[in-house]
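Grab your viewer and work through a few exercises with me. Each one gives a task, then a solution in steps.

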Amino acid sequence: MSNIKNIAVFTSGGDAPGMNAAIRAVVRTGLYYNLNVFGIGRGYDGMVHGDIFPMDAKSVANIIQRGGTILKTARSEEFRTVEGRQQAYENLKNHRIDGLVAIGGDGTFTGASKFIEEHNIPIIGLPGTIDNDLVGTDFTIGYDTAINTVIEAVDKIRDTAESHDRVFVVEVMGRDSGLIALRAGISVGAECVLIPEIKVEYEAMMDRLDRTRKNKASRVIIVAEGDDAGGAFAVAERIKERFPHYDMRVSILGHIQRGGSPSCMDRVLASRLGVVAVEALLEGRRGEMAGLIHGQAVFTPFSKAIKHIGTVNENLLRLVDILSL
Ligand code: F6P
């Protein structure tokens, strides 16, 4: 067992639904184990600037259902410097903080690795990002909610598309990952899904659009923002060149995918991982991300967690092909 007495929790990078549920779980688990728990505002930026405050059970009451992050989040330029990290460490020392829980994505864990290297402070990471682009967990906190937001939006788009016999190109988030696009695409019955992991095959896409025309009044193409096609407008233009008679519209869903009340899956995932993270610190673990694989808690070194390999489940891709007839 470790001698950890004072821990702090922070969120960093893009916010994700379920981050609040994770903060709540970390704070309450810390209190359960008689630790002093602190919050750090605005991620690494708040650490550098001493935005550090005690948290009690009440401070996390009534937040499990809220989107965003009550701790706020930021991308910190100062923490990228040796001096900034030294200042952050001094601020933690002033509060006698001897363990950290970092909730975020690859940028967060890259920063955490550097910090451990230089200051030898125990840090456990929780995967908080809508992109699902981390190795060491089946799902990241926020991914399920984001997909459900996409589904809700595209179902509505489908209503109007169907009424007008239109083709819609819908762009979704995911940075350089197509995992939001793929799962959402299957769920909305998209005719085509374009993702960065697979080189875009325009001819196959045109064929499918032409073919599916017989069976469907509307067609929906889901494009991941990181796809090599260059985004929804570029795809729409290519289609228009080939099929000038198509009535087409583009919709870019944007940041609505990051907001909203977390789904059951994200709340439970965040709660489980929040407990696991604090217990891991107490067991003396550090420099690892806690995740769930097949329902079991697993730990993955930060250096490996951030190495998203850019592959997708071929079976899911096949579903789009088979079911879009
Ligand atoms: O990483 C989460 C994410 O929402 C990505 O899907 C997207 O590319 C990016 O963040 C957008 O970042 P920002 O909020 O800084 O525009």
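**Exercise 1: salt bridges**

Glutamate 288 and arginine 285 pair through their side chains in a salt bridge, 2.7 Å from N to O (a side-chain nitrogen of Lys or Arg within 4 Å of a carboxyl oxygen of Asp or Glu). This is a predicted model, where local features need pLDDT of at least 70, side-chain atom pairs count only at pLDDT 80 or more, and totals for chains, interfaces and linings use all residues. Residues are numbered from 1 along each chain as its sequence is written, and side-chain values use heavy atoms, leaving out hydrogens and water.

Task: decide whether glutamate 288 is buried or partly exposed.

Solution. Start with the cut-offs: buried is under 20% relative accessible area, exposed over 50%, partly exposed in between (1.4 Å probe, protein chains only). Glutamate 288 has 14% relative accessibility, so it counts as buried. Next, arginine 285 comes out at 30%, so it is partly exposed. Finally, look for a network: Arg42, Asp45 and Asp51 are joined by salt bridges that share partners.

**Exercise 2: a pair across the sequence**

Task: find which residue forms a salt bridge with glutamate 191.

Solution. The partner is arginine 158, with the closest N and O atoms 3.2 Å apart. Now place them: glutamate 191 sits in the loop between α6 (179-187) and β7 (192-194), and arginine 158 in helix α5 (residues 143-164), so the pair ties together parts 33 residues apart in sequence (helices are DSSP runs of H or I, at least four residues; strands are E runs, at least two; both are numbered from the N terminus). Last, check burial: glutamate 191 is buried at 1% relative accessibility, and arginine 158 is buried at 18%.
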